[in-house]
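Q: Could you walk me through this model, with the cut-offs spelled out as we go?

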Amino acid sequence: MEAIDAAKLRAELLGVLRSRRSAEVPLSVEPGKPVVHCLFQETPRPQFSEAMESCPKANISNFKELLEEENFYLITESGEQGRLPVLILSMKEDSHQRKPAVVFLHSTNKCKEWLRPLLEAYASRGYIAVAIDSRYHGERASSMTTYRDALVSAWKNGDTMPFIFDTVWDLIKLADYLTERKDIDPSRIGISGESLGGMHAWFAAAADTRYAVAALIIGVQGFRWAIDNDKWQARVDSIKAVFEEARIDLGKSAIDKEVVEKVWDRIAPGLASHFDSPFTVPIIAPRPLLLLNGEEDPRCPLAGLKLPMARAEKAYEEAHSLDNLKLVAQPGIGHQMTSLMDLPMSDVQFDSPFVA
């Protein structure tokens, strides 16, 4: 089993993240307003998440009166997509003690407002709860096809990375901002996400050690493994338009593994090779890392996690922190976040192993 040079791999990943940026600008903040009607790029419009609503919440009688909401934009680079919408919930307190913070990331076609039940639950328990709109989603979208169109454009032009990597850049800039806030303990910033958000959290934690804890929900998978074992179909179907466009451009009658590999290499360089899970999951060590999956998830097959988990276990063992690594696979569940996943996620600790 080859050794992984974490510092070198992080530097290479950061190099790729920088490679398709518009002009860098000083990090700045612009005021925002609460979003009344969030744009969901799917029909029917989602209304309710049992999993999020069931997240443990402290019993505070005047919770709504004590809840403080912040809406603003973080400028992470020049251009329209460099304007990062941020939503933060916390409890009003007289104490000036620094608090832990947790960043939550939404799934494909949703938005930061969808995560509000999670934000409120964690705010009630003393966290500063943070959510953003990922690239081409929420306030960064203008139509029902904004994300789809961005993926196709990335394949055609190779000048952006809307699948995962552009949002990871935003998360590095978000860490710059959060670590400077006077109300946040910079050593206790966690990150979590569902599906696409789980992938964003995975790569942000790999790239930036300021994310001290990571809880990745139905996001981690083996991209190379899926190609080699003909298990790529479910993931491809989730963003099929870009693969169909590539199929046509490559003169193919059907999407096949060659199309899949070329798309990943074009829109997210290294995703199915040296930045895949067998390499980037282990470099999160020794920080606490929790993976939450469904046993029957076709987009994140458990068989594809055998190699990354074996390498991660080796890395955590060498760091004398094996208790900080945990994989929970819920029986009978496919690509779905469930209320049972909330419970172990809520047990993630910044300075101690997971609670069983």
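What follows is a chat about selected residues, ring pairs and backbone features.

Q: Before the details, what kind of model is this, and what counts for local features?
A: This is a predicted model, in which local features need pLDDT of at least 70 and side-chain atom pairs count only at pLDDT 80 or more, whereas totals for chains, interfaces and linings use all residues. Residues are numbered from 1 along each chain as its sequence is written, and side-chain values use heavy atoms, with hydrogens and water left out.

Q: Ok, where is Gln 41 placed?
A: Gln 41 sits in the loop between β1 (28-31) and α2 (50-53), where helices (H or I, at least four residues) and strands (E, at least two) are DSSP runs numbered from the N terminus.

Q: And is Gln 41 buried or exposed?
A: Gln 41 is buried, with a relative accessible area of 7%; buried means under 20% relative accessible area, exposed over 50%, and partly exposed in between, using a 1.4 Å probe and protein chains only.

Q: Which backbone atoms lie by a polar atom of the Gln 41 side chain?
A: The backbone oxygen of Tyr 136 lies 2.7 Å from a polar atom of that side chain, and the backbone nitrogen of Thr 146 lies 3.1 Å from a polar atom of the Gln 41 side chain. A polar contact here is a pair of N or O atoms within 3.5 Å; within protein, one must be able to donate a hydrogen and the other to accept it, and residues adjacent in sequence count only if both atoms are side-chain atoms.

Q: What else is Gln 41 in contact with?
A: Leaving aside neighbours within four places in sequence, the contacts of Gln 41 include Asn 109, His 137, Ala 141 and Tyr 147, where contact means heavy atoms within 4.5 Å. The C-alpha atoms of Gln 41 and Ala 141 are separated by 8.6 Å, although these residues are 100 apart along the chain.

Q: Back to Tyr 136, what is its phi?
A: Phi of Tyr 136 is near 65°, a positive value in a residue other than glycine, and Tyr 136 is found in the loop between β5 (128-132) and α5 (146-157). Tyr 136 counts as buried at 13% relative accessibility. Asn 109 also has a positive phi, of about 75°, although it is not a glycine, and Asn 109 lies in the loop between β4 and α4.

Q: Why is the pair of Phe 243 and Trp 264 called edge-to-face?
A: The ring centres of Phe 243 and Trp 264 are 5.2 Å apart and their planes are at 85°, so the pair is edge-to-face. Phe 243 lies in helix α10 (residues 240-249) and Trp 264 in helix α11 (residues 257-267), so the pair ties together parts that are 21 residues apart in sequence. Phe 243 and Trp 264 are buried, and ring pairs link them into a cluster that also includes Phe 163, Trp 202 and Phe 275.

Q: Which charges lie over a ring face?
A: Lys 110 lies over the face of Trp 114, at 5.4 Å from the ring centre, and Arg 311 lies over the face of Phe 279, at 4.9 Å from the ring centre. A charge sits over a ring if NZ of Lys or CZ of Arg is within 6 Å of the ring centre and within 35 degrees of the ring normal.

Definitions and conventions: Rings of Phe, Tyr and Trp (its six-membered ring) pair if their centres lie within 6.5 Å; planes under 30 degrees apart count as stacked, over 60 as edge-to-face and the rest as tilted.
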